[in-house]
Structure formats: structure tokens, C-alpha cells
Amino acid sequence: MGVPLVLMLYPRDHYDMADLPDELAAELGLLSTRIVRHVQALPHISRAHVYRIGDGGAHLHVWFFARPEGQGQLYGSWLVVWDDLLPEYPADVAEADADIVADALVACHGGHRSPISEPAA
């Protein structure tokens, strides 16, 4: 990826946006807001863009793209397109940022982190 961080939020059960029960819809709103806050709290991030792109599939996926600080040319809804055109962002930095966001989300929202798969030896 070319942007500093890309995250995805989706329900464990198979729902599309219009099918979410009210309780899950409320949780989606709260989780989305908290994810945006934690992403934007990273020192080198200016904004978290939120996308829901669901054409061709009925399972809800909400995407969060972090816009790097100081790159005004990435303003607006085309950030997801720019991601494919930018040089590759360092994976170790993106993983460290994802860990910070995940830990902050668990601290404020509860739950637990799923273990990250280790590469095969």
C-alpha cells in the first residue's frame, strides 16, 4: 500500500449495511468513530478517510485509509486511487501504527485482539 495505514472493519456474521440489526448498526457507528479518532491521533496522519464500497458483494466492509500529514495533493475522495499510485509505504511502520490503533481501540471499546498470523518458516 502507498498510504500509511489501511484498515477494514466488518461484522463477523454476514450482513450488508441495510441488513444490520439496529444494535450492530449502533456499534458500527461507535467503532467507526473510535477508529477514526485513533488513526488521526497518530502523529504523522492528517485525516482518516472512511469508505464503504459494496458493489458486487453483499458482505459489509468498511475501509479506513490514513492520509499522511503534509500531502495536500491527497485531499478528497481520490485517496483510495492514489494508494495504488504512491510508492510502497514501509510495512514495519504501517504494522506499528496498526498495533497502536488496535491497542487504543481495545482500551476504549473493550474486547481483545486476534493474534496476527506469523509467516511460515
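Helices (H or I, at least four residues) and strands (E, at least two) are DSSP runs, numbered from the N terminus. The structure is a predicted model, in which local features need pLDDT of at least 70 and side-chain atom pairs count only at pLDDT 80 or more, while totals for chains, interfaces and linings use all residues. Residues are numbered from 1 along each chain as its sequence is written, and side-chain values use heavy atoms, with hydrogens and water left out.

The chain contains three helices and three strands, arranged along the sequence in the pattern β-α-β-β-α-α. Of its 121 residues, 31% are buried, where buried means under 20% relative accessible area, exposed means over 50%, and partly exposed lies in between (1.4 Å probe, protein chains only).

A pair of aromatic rings is described by the distance of the centres and the angle of the planes. Rings of Phe, Tyr and Trp (its six-membered ring) pair if their centres lie within 6.5 Å; planes under 30 degrees apart count as stacked, over 60 as edge-to-face and the rest as tilted. Two aromatic pairs are found by this rule. The ring centres of Tyr-51 and Phe-65 lie 5.5 Å apart with the planes at 80 degrees, so this pair is edge-to-face. Tyr-51 belongs to strand β2 (residues 45-52) and Phe-65 to strand β3 (residues 62-68), and the pair thus links distant parts of the chain, 14 residues apart. Tyr-51 and Phe-65 are both buried. The rings of Trp-63 and Phe-65 form a tilted pair, because their centres are 6.4 Å apart and their planes are at 40 degrees. Within it, Phe-65 has 6% relative accessibility and so counts as buried, whereas Trp-63, at 30%, counts as partly exposed.

Tyr-10 is placed in the loop between β1 and α1 and is partly exposed, with a relative accessible area of 47%. Tyr-10 and Trp-63 are separated by 53 residues in sequence and by 8.9 Å in space, C-alpha to C-alpha.

One salt bridge (a side-chain nitrogen of Lys or Arg within 4 Å of a carboxyl oxygen of Asp or Glu) is found in a search of the whole structure. In this bridge the side chains of Arg-52 and Asp-16 meet at 2.7 Å, N to O. Arg-52 lies in strand β2 and Asp-16 in the loop between β1 and α1, so the bridge ties together parts that are 36 residues apart in sequence. Arg-52 is partly exposed, with a relative accessible area of 41%; Asp-16, with 17%, is buried.

Patches are made of residues with over 30% relative accessible area and no salt bridge, with like charges joined within 9 Å and nonpolar side chains (Val, Leu, Ile, Met, Phe, Trp, Tyr) within 5 Å. Accessible areas come from the Shrake-Rupley method with a 1.4 Å probe, and for residues only the protein chains shown count as cover. Trp-78, Val-81, Trp-82 and Leu-85 make a nonpolar surface patch of about 440 Å². Among them, Val-81 lies in helix α2 (residues 79-85) and, at 36% relative accessibility, counts as partly exposed.
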